Amino acid sequence: DGRQRIMTLRLLWRISGENHLRLEMEAEKNRDFPDLPRFGIRLMVPGEMDRLEYFGLGPTESYIDKHRAASHGLYRARVKALHEDHIRPQENGSHAGCDYIMLKGKEADLLAFADEPFSFNASVYTEEELTVKAHNHELVPCGSTLLHLDYRQNGIGSASCGPPLRQIYRFDHDRFSFAVEIFFRFPVS
């Protein structure tokens with residue numbers, strides 16, 4: 001196998017009772033690789049879980065280097081409303097500085113929080129869908145709600161259309177840890 005290791009991870013899943021998970025991650029990135037775009041977990045939950053409540057930066061999308069139009073507070077929205085409809089599909093709709101997030105549905109709920117403020121993204125589109133489609137009118141919802149709980153994301157600014165990203169906005173940590181707790185309620189079948 002000629003593939004080079006990007007990082008070494010130590011994951012510890014703690015399951016308490018019937019509805020509580022705690023994930024602890026310790027990561028060591030190979031220094032030969034460039035900055036990470038993001039690091040966290042992606043959950044795919046039932047599409048009916050489309051009502052969102054969070055305490056963090058909002059109501060507009062926010063990133064580590066793009067958040068001056070946001071304020072820290074309690075916000076509620078539908079998942080579909082968080083999507084920024086760019087003509088050329090791309091990652092969007094993140095919310096930084098989050099203390100907790102709750103997804104609600106008719107029969108299922110999910111509450112997540114971390115040891116430190118985190119970023120989240122909730123969407124009806126997968127990253128794969130956003131990557132392969134050339135125009136926004138081609139996007140097809142996946143039928144589920146995708147929830148990203150991110151320790152950190154690299155800043156949005158880049159040298160592609162302006163100056164290079166400032167060092168303080170780069171996700172260039174070689175070692176880091178992230179712990180997230182998830183409480184959920186799903187119907188029993």
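Accessible areas here come from the Shrake-Rupley method with a 1.4 Å probe, and for residues only the protein chains shown count as cover. By that method the accessible surface of the protein chain comes to about 11100 Å², with 53% of it belonging to carbon and sulfur atoms. This is a predicted model, in which local features need pLDDT of at least 70 and side-chain atom pairs count only at pLDDT 80 or more, while totals for chains, interfaces and linings use all residues. Residues are numbered from 1 along each chain as its sequence is written, and side-chain values use heavy atoms, with hydrogens and water left out.

The protein chain has 1 helix and 9 strands; helices (H or I, at least four residues) and strands (E, at least two) are DSSP runs, numbered from the N terminus. In order from the N terminus, the elements run β-β-β-β-β-β-β-α-β-β. The radius of gyration of the protein chain is 17 Å, close to the 16 Å that the globule rule gives for 189 residues, so the chain is as compact as a globular protein of that length. That radius is taken over C-alpha atoms, and the globule rule is 2.2 Å times the number of residues to the power 0.38. Along the principal axes, the C-alpha atoms fill a box of roughly 50 × 40 × 40 Å.

Of the 189 residues, 41% are buried, where buried means under 20% relative accessible area, exposed over 50%, and partly exposed in between (1.4 Å probe, protein chains only). Contact means heavy atoms within 4.5 Å. Among contacts with a separation of 6 or more, 67% are between residues 24 or more positions apart.

Ile6, in the segment before E1, gives an example of such a separation. The C-alpha atoms of Ile6 and Asn30 are separated by 5.4 Å, although the two are 24 residues apart along the chain. Leaving aside neighbours within four places in sequence, Ile6 is in contact with Glu28, Lys29, Asn30 and Phe33. Ile6 is partly exposed, at 42% relative accessible area.

Rings of Phe, Tyr and Trp (its six-membered ring) pair if their centres lie within 6.5 Å; planes under 30 degrees apart count as stacked, over 60 as edge-to-face and the rest as tilted. The count comes to 9 aromatic pairs. The rings of Tyr151 and Phe176 have centres 5.3 Å apart and planes at 5°, so this pair is stacked. Tyr151 lies in strand E8 (residues 144–153) and Phe176 in strand E9 (residues 175–185), 25 residues apart. Both residues are buried, and Phe39, Tyr151, Phe171, Phe176 and Phe178 form one aromatic cluster.

The whole structure holds 18 salt bridges, each a side-chain nitrogen of Lys or Arg within 4 Å of a carboxyl oxygen of Asp or Glu. One of them joins Arg10 to Glu26, with the closest N and O atoms 3.2 Å apart. Arg10 lies in strand E1 and Glu26 in strand E2 (residues 20–29), so the pair ties together parts that are 16 residues apart in sequence. In another, Lys104 and Glu53 have their closest N and O atoms 3.9 Å apart. Lys104 lies in strand E6 and Glu53 in strand E4 (residues 51–58), so this pair ties together parts 51 residues apart in sequence. Lys104 is partly exposed at 27% relative accessibility, whereas Glu53 is buried at 10%.
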